[in-house]
Amino acid sequence: MTGGVVSATVDDPDPAYGVFDTLLVRGGRAVDLDAHLGRLRRSVLELYAVRVDADELAARVLAEAGGLDAARVRTSYEPDAEQWDVEATRIEEPALDPRTLAPRRLEGGLGPHKWVDRRLVADPGEGDDVLVVDEDGFVLECGTANVFALLGGEVVTPPLDGRILPGTVRARVLSRLRERPVAVSERVIGLDELASAGEVFTTSSIRGVQPVTACLGVGSWPVGPTTTWLREALQ
């Protein structure tokens, strides 16, 4: 069922706007700091041939987050100015927030970098976020999160094939599932298969694990026990 899929209005993100990363501060601690900054450093080196002083950048992030119990820290690199911006914003502890997704066709996906240029996934319309699918109707990721589905007793998520962001919470969820152990697969998911899922959920650094209760033109799902358990386990 792909009748509700719309195509992106621009071809690719513009690297001139730079790249960024966002991490959660919980209980005064920067969650997965090394993983976040490592991913961002790799992007800056690959895209702009700039080497980053990891210790200096980590110190700036920790300084901005100092004294905050719950916060969102955004770290961005501006290639034209060759400078870093680090900004912390106090937030409430992320609550349960069931999501509705709006499918959008994007050939080649967003890739493994977190672009400042968000035009490709802007304005999800009646949805809370965009669900990016490729030209063949296979699920890639959301505009602000990775996506998982419970299919036939197996938790499935699209593979890291260079077309999606290697999310830090995605990695933690996969690790926790395999420790349980729970059947897990990293493989392609078509929209028709997604419609038959028992549960669908997203993972992101700020919201953590969130249930998806609908995808426009595709289907709807309950907030299930796997989603609930993972959300509690990661908090």
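Biologist: Why does Asp97 count as partly exposed?

Modeller: The relative accessible area of Asp97 is 28%. Buried means under 20% relative accessible area and exposed over 50%, with partly exposed in between (1.4 Å probe, protein chains only). Asp97 is therefore partly exposed. This is a predicted model, in which local features need pLDDT of at least 70 and side-chain atom pairs count only at pLDDT 80 or more, whereas totals for chains, interfaces and linings use all residues. Residues are numbered from 1 along each chain as its sequence is written, and side-chain values use heavy atoms, with hydrogens and water left out.

Biologist: What makes the contact of Arg207 with Asp97 a salt bridge?

Modeller: A salt bridge is a side-chain nitrogen of Lys or Arg within 4 Å of a carboxyl oxygen of Asp or Glu. The closest N and O atoms of Arg207 and Asp97 are 3.9 Å apart, and the pair forms a salt bridge. Arg207 lies in the loop between S12 and strand S13 (208-215) and Asp97 in the loop between S5 and strand S6 (99-105), so the pair ties together parts that are 110 residues apart in sequence. Helices (H or I, at least four residues) and strands (E, at least two) are DSSP runs, numbered from the N terminus.

Biologist: How do you know that the span of helix H1 agrees with its number of residues?

Modeller: The expected span of a helix is 1.5 Å times one less than its number of residues. The 16 residues of H1 (residues 33-48) should therefore span 22 Å, and the end C-alpha atoms are 22 Å apart, which agrees. The buried residues of H1 include Leu33, Leu37, Leu40 and Val44.

Biologist: How are the residues that line the largest pocket divided?

Modeller: The lining holds eight nonpolar, 11 polar and eight charged residues. Ala, Val, Leu, Ile, Met, Phe, Trp, Tyr, Cys and Pro count as nonpolar, Asp, Glu, Lys and Arg as charged, and the others, Gly among them, as polar. Of the 27 lining residues, Lys114, Gly143, Thr144, Ala145 and Ser204 lie nearest the centre of the pocket. H3 gives the most to this lining, with three residues. On a 1 Å grid over the protein atoms alone, a pocket is an open set of points where a 1.4 Å probe fits, with protein on both sides within 12 Å along at least five of seven lines; lining residues have an atom within 4 Å of a point.
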